[in-house]
Every structure is written in structure tokens, then in C-alpha cells.
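Hi everyone, thanks for making time.

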Amino acid sequence: MESDERYLRRAMELAEEARRVGEVPVGAVLVADDAVVEAWNVKETTPDPTAHAEIVVIREAARRLGRWRLTGATLYVTKEPCIMCAGALVAARIDRVVFGCYDPKGGAAGSVMDLLRDPRLNHRLTVEGGLLEAETAEQLRSFFAEQRRNVEE
């Protein structure tokens with residue numbers, strides 16, 4: 001869908017904001033009702049191991065909307081959610097997640113496991129992965145290549 005690509009491109013812009021402040025470039029946009037909430041990773045700058053873009057955006061959306069059940073919401077994120085973030089998406093009752101690149105080492109939306117659609121859980125999400133996959137993967141790849149170059153110097 002055209003709006004899916006638009007929101008994911010916005011998440012990519014937010015990921016660049018994360019990169020500028022030394023964070024892993026992951027951005028997220030959550031759309032619920034008439035609200036559009038944006039966030040990026042702030043693990044390093046907070047410091048908080050749970051401050052992934054998805055967690056930050058879920059917290060802010062719940063605060064703004066005044067409810068923890070985010071039914072009807074769609075989350076757009078540049079990278080496949082990890083186990084922690086997938087658990088938070090299930091707990092928040094988010095309806096749908098659209099993500100860019102897959103994470104073969106830690107993804108919980110189909111790569112390593114599929115927590116978001118596990119029939120044993122009380123809530124399942126619609127998952128659409130791989131939108132703008134090459135672009136979102138390159139955003140991460142170039143960041144980590146730069147990090148490695150900085151360490152070598």
C-alpha cells in the first residue's frame with residue numbers, strides 16, 4: 001500500500017536521526033486512530049537496554065492515547081522486531097506491523113521465531129515484512145561498517 005511505504009520511509013528518516021546521535025539506526029512510526037507517533041532507538045543515549053524504537057513508540061502512543069490497548073494500530077519499523085519488542089507488540093494488542101529488513105540473528109516476526117503470530121498467545125498480529133528491504137538493510141549495514149572502521153582506526 002502507498003501509505004505503508006510512506007510511513008516506512010518516515011521511519012527510515014527517524015532511523016537517520018538515531019544514527020546522527022550514535023544510536024543503531026532503527027526508526028518506528030505508530031499510527032492509531034488520528035495519532036501518528038514517531039520514535040527511534042535511544043538505548044545508548046538514555047542508557048536503557050529496553051529503549052528500542054518499538055518500545056519507545058509504544059510507550060508514547062499509550063501515553064498520548066490514554067490507554068495501553070493499542071487495538072487498531074499499525075506499527076511501521078525499519079527492522080524486524082526482536083523478542084522483547086515482539087512481546088511488547090503482543091501485550092499492547094497492536095493489530096499490524098510492517099517492517100523493512102529481516103533480522104536473521106534476532107528477529108521474532110518470522111526469522112528466528114514468529115512470536116507475533118504464535119497461536120499459543122492471546123493476541124496475534126498481521127505481519128508484513130520486507131517492505132523496502134534492500135534500503136532498510138543498507139541503512140543498518142552502512143552504520144555497522146562505519147562502526148567497524150572507527151574501531152579499526
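Let me start with a cut-off that I'll need in a moment: a residue is buried under 20% relative accessible area, exposed over 50%, and partly exposed in between. Please keep in mind that this is a predicted model.

So, is G106 buried, exposed or partly exposed? Its relative accessible area is 22%, so G106 is partly exposed. This glycine sits in the loop between β4 and β5. Setting aside neighbours within four places in sequence, G106 makes contact with P81, C82, I83 and V112. If you take A91 as a reference point, G106 is 15 residues from A91 in sequence, and their C-alpha atoms are 19 Å apart in space.

Now let's zoom out to the whole chain. There are four helices and five strands, and reading from the N terminus their order is α-β-β-α-β-α-β-β-α. What about the overall dimensions? For 153 residues, a compact globule would have a radius of gyration near 15 Å, and the chain has 15 Å, so the two agree. Along the principal axes, the C-alpha atoms fill a box of roughly 50 × 30 × 30 Å. Of the 153 residues, 47% are buried. Among contacts with a separation of 6 or more, 57% are between residues 24 or more positions apart.

On to the inside. The largest nonpolar core has 34 residues, and the ones that touch the most other members are L30, I58, I94 and L116. Which elements give two or more residues to this core? They are β1 (27-32), β2 (35-40), α2 (53-65), β3 (74-79), α3 (83-91), β4 (96-101) and α4 (133-152). Apart from that core lies another one, of 10 residues, including L8, L14, Y76 and L132.

Not counting residues up to four places away in sequence, L116 touches A86, L89, V90, V97, A108, A109, H123, R124, L125 and V127. Three of those names come back when we turn to α3: its buried residues are C85, A86, A88, L89 and V90. What do these buried residues pack against? Their partners are α2, β3 and β4.

Last topic, the backbone. Most residues other than glycine have a negative phi. Here are some that go the other way. After α3 comes R93, with a positive phi near 60°. D33, in the loop between β1 and β2, has a positive phi near 55°. L132, in the loop between β5 (126-129) and α4, also has a positive phi near 55°.

Are D33 and L132 buried or exposed? D33 has a relative accessible area of 54%, so it counts as exposed. L132 has 13% relative accessibility, so L132 counts as buried, and you'll remember L132 as one of the residues in the 10-residue core.

That's my tour, and I'm happy to go back to any part of it.

Terms used. Residues are numbered from 1 along each chain as its sequence is written. This is a predicted model: local features need pLDDT of at least 70, side-chain atom pairs count only at pLDDT 80 or more; totals for chains, interfaces and linings use all residues. Side-chain values use heavy atoms; hydrogens and water are left out. The radius of gyration is taken over C-alpha atoms; the globule rule is 2.2 Å times the number of residues to the power 0.38. Buried means under 20% relative accessible area, exposed over 50%, partly exposed in between (1.4 Å probe, protein chains only). Contact means heavy atoms within 4.5 Å. A nonpolar core is a set of buried Ala, Val, Leu, Ile, Met, Phe, Trp, Tyr and Cys residues joined through side-chain atoms within 4.5 Å.
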